[in-house]
Amino acid sequence: MSPVSVPPPQCLKKRMVVPHRYMFGPGPSNVPRRILEAGAKPVIGHMHPEIFEIMSDIKSGIQYLFQTQNRTTFAVSGTGHTAMECAIFNTVESGETVLVAVNGIWGERAADVGERVGAKVKTIVAPPGGYLTNAEIEKALSEHRPVLFFLAHGESSTGVLHPLDGIGDLCHKYNCLFLVDSVASIGGTPLCMDQQGLELIMSSIKSKRSLPMIVYAGIDILYTGSQKVLNAPPGTAPISFSERACQKVFSRTTKPVSFFLDLSWLSNYWGCDDKPARIYHHTAPVTALYSLRESLAVLADEGLEKSWDRHQKVAEYFHAGLESLGLKLFVKEKHARLPTVTTIVAPHGYDWKEITAYIMKTHSLEISGGLGPSVGLVLRVGLMGCNSSRVNVDMVLAALKDALKHCHRSK
Ligand code: PMP
């Protein structure tokens, strides 16, 4: 009798079918051929010298993307959530206090992750579509004296670009690390992680190139994902730790709860420490690293300033087009609108689910509804990286116009 009682599944005998879609939701974005082809190169070993060279290129690319000189800069094997956990698991010990700014789902998630490591989690909440003032943040910092403050720079659930000016300095005044989620913002809007990054930008100002508003952030831990502005497939997540953050992590009295995300192992595997040899930690997803490297090369080819500028101009063109269709933007203050992910007030009298389904069926185009606190309130459109263009804006506007004409509208 055969020991195999579960037969080979019939479904696997059919060829896999993957449709072409316009990925204009809040992520993932479309992946250009150049990046897809990089990911199709042959697998080599995760400890081969050639992969170490690719990893070193990725580190330089992330330092450019984040505008930082931090040596503890690398990519986590996993998605944006993995990077969020890597940041919190390493910097926080059980019983310590963490302060979280909640103005959408990402603050809620960070608070949840903090609770899982046994931290005392305090929150400051802004209504969906709004953000916190520096005075509110300072009040909470002085009251709770946290070791870490979390903020989402681009709140993709509400479409808010949170102002960052001065928050890093406030955190340092209260001896607290500043952790920023830039999954939905970095590359599409100005952000300099640290002072060195600022200096680089100042030199381009001196050369009189015009730039959007510069943000020097004084951030201690910054992370993002590969699948948004970078246009790589999901599965790798750039992250960087300042010297202050590393000092806190490496003077812990307890081990981080995750072996997989332990910074001392990861920084050795990525060649960020002073140890002479790299030690096997996990089998890195080598083909995902090829794609990530290529996506950073694409960004370096265009240049950060051009990318920031393009996203801003395309977003303004999009926002004007939405208003001319009679639609309303969910974020009232122009300067707080994310140029990457736009939130539109869910059109009155319509079922938002019917609109997104209609656009998917008729135009093979993904836009999405709200998430977390914005469910039912908004439609979300993401135009990130190569997707941020006037041609794509026109396509989305035509699809929305068509949906408003054909979807059911209550009287
Ligand atoms: N933070 C923000 C701002 C995001 O937009 C997302 C993804 N939508 C995440 C974190 C989580 O990333 P992932 O889905 O890659 O885990």
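Select residues 217–371 to begin: over this stretch the chain is 42% helix and 12% strand, and the C-alpha atoms at its ends are 27 Å apart. Helices (H or I, at least four residues) and strands (E, at least two) are DSSP runs, numbered from the N terminus. The model is predicted, so local features need pLDDT of at least 70 and side-chain atom pairs count only at pLDDT 80 or more, while totals for chains, interfaces and linings use all residues. Residues are numbered from 1 along each chain as its sequence is written, and side-chain values use heavy atoms, with hydrogens and water left out.

According to UniProt (unreviewed entry), the annotation "domain: Aminotransferase class V" covers residues 22–204 and 217–371. UniProt positions are given in the numbering used here, feature names are shortened, and annotations may be inferred rather than shown by experiment.

Next, display the sheet. Seven strands form an open sheet with mixed pairing, in the order S2-S10-S9-S8-S5-S3-S4; two strands pair if DSSP finds at least two bridges between them. Strands S2 (72–77) and S4 (120–125) stand at the edges with a single partner strand each, so one side of each is left without a neighbour in the sheet. From one strand to the next, the twist averages 20°.

Now select S8 (residues 177–181) and S9 (residues 221–223), which run parallel and are joined by three bridges. Which residue of S9 is the bridge partner of leucine 179? The partner is isoleucine 221. Helix H2 (residues 49–66) packs on the sheet, touching S2, S9 and strand S10 (236–241); contact means heavy atoms within 4.5 Å.

Move to threonine 189, in the loop between S8 and helix H7 (195–206). Is threonine 189 buried or exposed? Threonine 189 is buried, with a relative accessible area of 5%; buried means under 20% relative accessible area, exposed over 50%, and partly exposed in between (1.4 Å probe, protein chains only). Leaving aside neighbours within four places in sequence, threonine 189 is in contact with His153, Leu161, Trp308 and Pro339.

Then select arginine 380, in strand S14 (residues 378–382). UniProt (unreviewed entry) places a "binding site" feature at Arg380, and arginine 380 is buried, with a relative accessible area of 6%.

Finally, show helices H12 (residues 352–363) and H13 (residues 390–406), whose axes come within 9 Å and cross at roughly 115°. Axes are lines fitted to C-alpha atoms, for helices over the stretch in contact, and angles run from 0 to 180 degrees between N-to-C directions. Among the residues making the contact are Ile355 and Tyr358 of H12 and Ala399 and Leu400 of H13.
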